[in-house]
Amino acid sequence: MEKKRTRQINDTKQRIRKALLEMLRAEEINRISIRGLCQKAGINRTTFYNHYGSQYDVLKDMQDSYLADITAALSHVHPSDQAAVHRQVELVLKYMEDHLELSRLLLDSSPSSGFAERLLAIPGINVLLEHSLPSGMDRNLREAVVSFAVSGSWKMLSEWIHRDERIPAEQEAQLILMLAGRVCH
């Protein structure tokens, strides 16, 4: 009985997230009403409010799930194993490509959504870059170099995911890691 209820809840949330994603193709989130979202998802407002407080909560739930998947992909790699680092970055890029529409939506979301900051704050990202820095580097310089490398990687990633004709994820991962590595050394 509990499994059935959990499955129903997950199905309802998935329908709401799917409806929001479809609506975001045409309009900004601040223009999406709960009434319209419920109508698109085929649910009533009470059902919606049983799971979310607003359309922004749905977007945050989508972000949380997406970031959890990327964090999990990065959590199994030790920074000193360059081959493993490359595989993990490639897996992240493949995940983004497999979820292309959602990736584009989240990368394009307004700065107030905080998605960019949350993505760049994933512990695995900074650890990978910090590990490649010389050990005696001044703390302020370390932070600046990591910030610069992460921002550049973000820009490359964003441009890559928005191209209709992208180079393979493996090549993009290699390029990002090579350039970030040059910045760090």
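User: Is Phe115 buried or exposed?
Analyst: In this predicted model, Phe115 is buried, with a relative accessible area of 1%.

User: Which ring does Phe115 pair with?
Analyst: Phe115 forms an aromatic pair with Tyr66, edge-to-face, 5.8 Å centre to centre and 65° between the planes. The pair links distant parts of the chain: Tyr66 belongs to helix 4 (residues 55-74) and Phe115 to helix 7 (residues 115-120), 49 residues apart. Tyr66 is buried too, with a relative accessible area of 1%.

User: How many aromatic pairs in the structure?
Analyst: There are 4. One of them joins Phe48 and Tyr49: the ring centres are 5.3 Å apart and the planes lie at 85°, so this pair is edge-to-face.

User: Which residues form a cluster through ring pairs?
Analyst: Phe48, Tyr49 and Tyr52. Phe48 is buried, at 0% relative accessibility, and Tyr49 is partly exposed, at 39%. The charged end of Lys13 sits over the ring of Tyr52, 5.8 Å from its centre.

User: Switching to helix 9. What span should its 24 residues have?
Analyst: Helix 9 (residues 139-162) should span 34 Å at 1.5 Å a residue, and its end C-alpha atoms are 34 Å apart, which agrees.

User: What happens at the start of helix 9?
Analyst: A side-chain oxygen of Asp138 comes within 3.1 Å of the backbone nitrogen of Asn140.

User: Which residues in helix 9 are buried?
Analyst: Among them are Arg142, Val145, Val146, Ala149, Val150, Ser153, Trp154 and Trp160.

User: What sits over the ring of Trp160?
Analyst: The charged end of Arg166, 5.8 Å from the ring centre.

Notes: Residues are numbered from 1 along each chain as its sequence is written. This is a predicted model: local features need pLDDT of at least 70, side-chain atom pairs count only at pLDDT 80 or more; totals for chains, interfaces and linings use all residues. Side-chain values use heavy atoms; hydrogens and water are left out. Helices (H or I, at least four residues) and strands (E, at least two) are DSSP runs, numbered from the N terminus. The expected span of a helix is 1.5 Å times one less than its number of residues. Buried means under 20% relative accessible area, exposed over 50%, partly exposed in between (1.4 Å probe, protein chains only). A polar contact is a pair of N or O atoms within 3.5 Å; within protein, one must be able to donate a hydrogen and the other to accept it, and residues adjacent in sequence count only if both atoms are side-chain atoms. Rings of Phe, Tyr and Trp (its six-membered ring) pair if their centres lie within 6.5 Å; planes under 30 degrees apart count as stacked, over 60 as edge-to-face and the rest as tilted. A charge sits over a ring if NZ of Lys or CZ of Arg is within 6 Å of the ring centre and within 35 degrees of the ring normal.
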